[in-house]
Amino acid sequence: MKSKRIFSVVIALFVGGQSFAKLNVVTTTPDLASIASYVGGKNVSVKSIVTGARDPHRIEAKPSYMSQISRADLFIAIGLDLEIGYERVLLDGSRNSHVRIGALGHLYASEGALVLDRPTGTVTRAQGDIHPYGNPHIWLDPYNGRVVAQRIAERMSALDTSNAGDYKKGARNFIDKLDRKMFGDALVEKYGGEELWQWERNGELFEQLRKVGSMNLLGGWVKASQVFRGKTIITYHRSFVYFINRFDLRSIGELEPKPGIEPTPGHLASLMRRAQEENVRVIIQEPFYSTRHANFVASRIGAKVVILPGNIGHDSSAKDYFSLFDTIISRLREAFS
């Protein structure tokens, strides 16, 4: 009797193995790791290749990363060629066929997301470090955060069917929290996140809220961003395109003359002339760029240099996907107040 019971336990562990073992997830960026952790909850173990204040375009293909990926059930990258310099080398080095591009265990999070800056015409190296499929910094739009959470939940569910319900619930909870951070509790409870995002994406959020007499219910990041909406800025790189688009800032250009190219005296002189005409008062950049060029331009046009986290880990206050936006919006409010 005792031997039969032990045999039954062994069979149960074998058959339901996936429900006992955590899904091993490796992401390229910490922002993807944050969303994957929220969606997967107790059923996943998540690690990010990029950590700390680093440029996600420029990561060395270290053997330690290959070792992490060799044990992964799911590998999540942004795509749009953000990881073009290291992704294939890491995947080949991992010798893990389950996470190769095109396999069920490989996911490009940008699929289905809103993509900006898609170049038209022929793309050449003379245009700098340009991405032919569009700007890859998609995570800096909360709307894309919703899309990414849904995509991750679908893929986790396909890999671990026994916990599919948990992954769908995790995505729903993530999206609900994101919507409340974006619009405030009162608006989400009255209209629901889907309708509010529909108004926002159609560019009619404020018009609709005025029409239905609910402007007084506005909260969250949208309300907090009222201080800087419509303001003109300069950025170092085109990293904040999605944030600028969603929160209605206006960039007159970048310190880089072309993506990935160091600022030049001629380009900065031209940019400063335009900045004075457009009354630019804030220059933003991530912490891994030198502030030398930004400080030079700021001193000539009377602007402030504001260091913003472009990813989780770029700043000690940007600990997860939600606090990343909290930090960016708080810094910009302070700069424009």
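Me: Where is D179 found in this predicted model?

Reply: D179 is found in helix 7, the run covering residues 164-183.

Me: And what makes D179 count as buried?

Reply: Its relative accessible area is 4%. Buried means under 20%, so D179 qualifies.

Me: Which residues is D179 in contact with, leaving aside neighbours within four places in sequence?

Reply: R146, G184, V188, G193 and W197.

Me: On to the charged pairs. Why is E200 with R246 called a salt bridge?

Reply: The closest N and O atoms of E200 and R246 are 3.1 Å apart. The cut-off is within 4 Å, so the pair makes the list.

Me: What does the E200 and R246 pair tie together?

Reply: E200 sits in helix 9 (residues 193-201) and R246 in helix 12 (residues 241-246), so the bridge ties together parts that are 46 residues apart in sequence. Both E200 and R246 are buried, by the way.

Me: How do you know that E254 and R238 form a salt bridge?

Reply: Again it's a matter of distance: the closest N and O atoms of E254 and R238 are 3.1 Å apart, and the limit is within 4 Å. E254 lies in strand 6 (residues 250-254), while R238 is in the loop between strand 5 (232-235) and helix 12, so this pair ties together parts 16 residues apart in sequence.

Me: Are E254 and R238 buried or exposed, or in between?

Reply: E254 has 15% relative accessibility. That is under the 20% limit, so E254 counts as buried. R238 is at 31%, between 20% and the 50% mark for exposed, so R238 counts as partly exposed.

Me: What makes E278 and R274 a salt bridge?

Reply: Their side chains meet at 3.9 Å, N to O, which still falls within 4 Å. E278 has 26% relative accessibility and R274 has 37%. Both values lie between 20% and 50%, so each residue is called partly exposed.

Me: Which residues do salt bridges that share partners join into one network?

Reply: D176, R180, D185 and E189.

Me: How many salt bridges does the structure hold?

Reply: The structure holds 19.

Me: Last one, helix 4. How do you know that its buried residues are on the same side?

Reply: The buried ones in helix 4 (residues 63-70) are Y65, M66, Q68 and I69. They cover an arc of only 160 degrees around the axis, which puts them on the same side of helix 4. What covers them includes strand 1 (23-27), strand 2 (44-48), strand 3 (74-77) and helix 5 (87-94).

Terms used:
Residues are numbered from 1 along each chain as its sequence is written. This is a predicted model: local features need pLDDT of at least 70, side-chain atom pairs count only at pLDDT 80 or more; totals for chains, interfaces and linings use all residues. Side-chain values use heavy atoms; hydrogens and water are left out. Helices (H or I, at least four residues) and strands (E, at least two) are DSSP runs, numbered from the N terminus. Buried means under 20% relative accessible area, exposed over 50%, partly exposed in between (1.4 Å probe, protein chains only). Contact means heavy atoms within 4.5 Å. The arc is that of the directions from the helix axis to the C-beta atoms.
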